[in-house]
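This report describes the fold of a single chain and the surroundings of selected residues. The sequence and the model are shown first, and the description follows.

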Amino acid sequence: MRRAFFAFAVVPFLCVSSPLAGDAEIKAGQSVIDGQLKALIANDGATAYSFAAPNVKRIFPTVDAFMNMVTNGYPPVRKPQTYSFGKVEETGPGSIVQQVLIVGPDGKDYEAVYTLQQQPNGTFQITGCSLRASNSLST
C-alpha cells in the first residue's frame, strides 16, 4: 500500500470514537474538511489553501505550491468522485483525527486521515493528511 504525507507524519489513528470529542468540535472539523474538498473540486485553490494550518503554510508558502502538492501527491483528494466521513478521534484538547473514505477519480477506494488543530481564534484548520489506497474498486 502506498502512503503519502504532507506537512508531517500523522499521529497513529486508533480507529475508535473518543467520548472526549464533542459533537460541536467534530462537526467543525468535518466542515473544514468538507470545505476544502469542495474548494479543490471547484478548482478554487485560494479557498482550499485557507483551510490549511500555519504548519502546512510554512512548508507550502503559496497557493500554487500547495495546489501543486495536492494535485501531484493526492489525486483522490484533489478530484474525488465521492467522499464520506468515517471514524473520528480527539487526540487531545482541540486536536482531531478524522477518517475520510474517498472514491478517487480512478474509481478506487481510498482512506484519507486528516489531522486538525483548533486555532487561537477557535476555528479548526488542517495540519496534515495521509492517504492510503485500497485494492478494491467501488461500484
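Val77 is buried, with a relative accessible area of 4%. Here, buried means under 20% relative accessible area, exposed means over 50%, and partly exposed covers the range in between, with a 1.4 Å probe and protein chains only. The model is a predicted one, in which local features need pLDDT of at least 70 and side-chain atom pairs count only at pLDDT 80 or more, while totals for chains, interfaces and linings use all residues. Residues are numbered from 1 along each chain as its sequence is written, and side-chain values use heavy atoms, with hydrogens and water left out.

Val77 belongs to helix 5 (residues 75-78); helices (H or I, at least four residues) and strands (E, at least two) are DSSP runs, numbered from the N terminus. Not counting residues up to four places away in sequence, Val77 touches Leu37, Leu40, Ile102, Ala112, Tyr114 and Leu131, where contact means heavy atoms within 4.5 Å.

Arg78 is also found in helix 5. Which class does Arg78 fall into, buried or exposed? Arg78 is buried, since its relative accessible area is 13%. The side chain of Arg78 makes a polar contact of 2.7 Å with the side chain of Asn43. A polar contact is a pair of N or O atoms within 3.5 Å; within protein, one must be able to donate a hydrogen and the other to accept it, and residues adjacent in sequence count only if both atoms are side-chain atoms. Leaving aside neighbours within four places in sequence, the contacts of Arg78 are Leu40, Ile41, Asn43, Met67, Val70 and Thr71.

Asn43 itself lies in the loop between helix 1 and helix 2 (45-50). This residue has a positive phi of about 60° although it is not a glycine. Asn43 is partly exposed, at a relative accessible area of 48%.

## The chain as a whole

The chain contains five helices and five strands. From the N terminus on, the order of elements is β-α-α-α-α-α-β-β-β-β. Of its 139 residues, 47% count as buried. Among contacts between residues at least 6 apart in sequence, 56% join residues at least 24 apart. The chain exposes about 7,000 Å², of which carbon and sulfur atoms supply 56%; accessible areas come from the Shrake-Rupley method with a 1.4 Å probe, and for residues only the protein chains shown count as cover.

## Pairs separated along the chain

| Pair | Separation along the chain | C-alpha distance |
|---|---|---|
| Val77 and Gly104 | 27 residues | 7.3 Å |
| Arg78 and Gly104 | 26 residues | 8.7 Å |
| Pro80 and Ile41 | 39 residues | 7.4 Å |
| Tyr110 and Arg132 | 22 residues | 5.6 Å |

Pro80 is located in the loop between helix 5 and strand 2 (82-92). At 9% relative accessibility, Pro80 counts as buried. Apart from residues up to four places away in sequence, Pro80 touches Ile41, Ile102 and Val103.

Tyr110 is part of strand 4 (residues 108-118) and is buried, with a relative accessible area of 12%. The side chains of Tyr110 and Asp106 are joined by a polar contact of 2.5 Å. Beyond neighbours within four places in sequence, Tyr110 is in contact with residues including Pro76, Ile102, Gly104, Leu131 and Arg132.

Gln36 has its place in helix 1 (residues 23-41) and is buried, with a relative accessible area of 4%. A polar atom of the Gln36 side chain lies 2.9 Å from the backbone oxygen of Ala48. Not counting residues up to four places away in sequence, Gln36 touches Ala48, Phe51, Ala52, Phe66, Tyr114 and Ile126.
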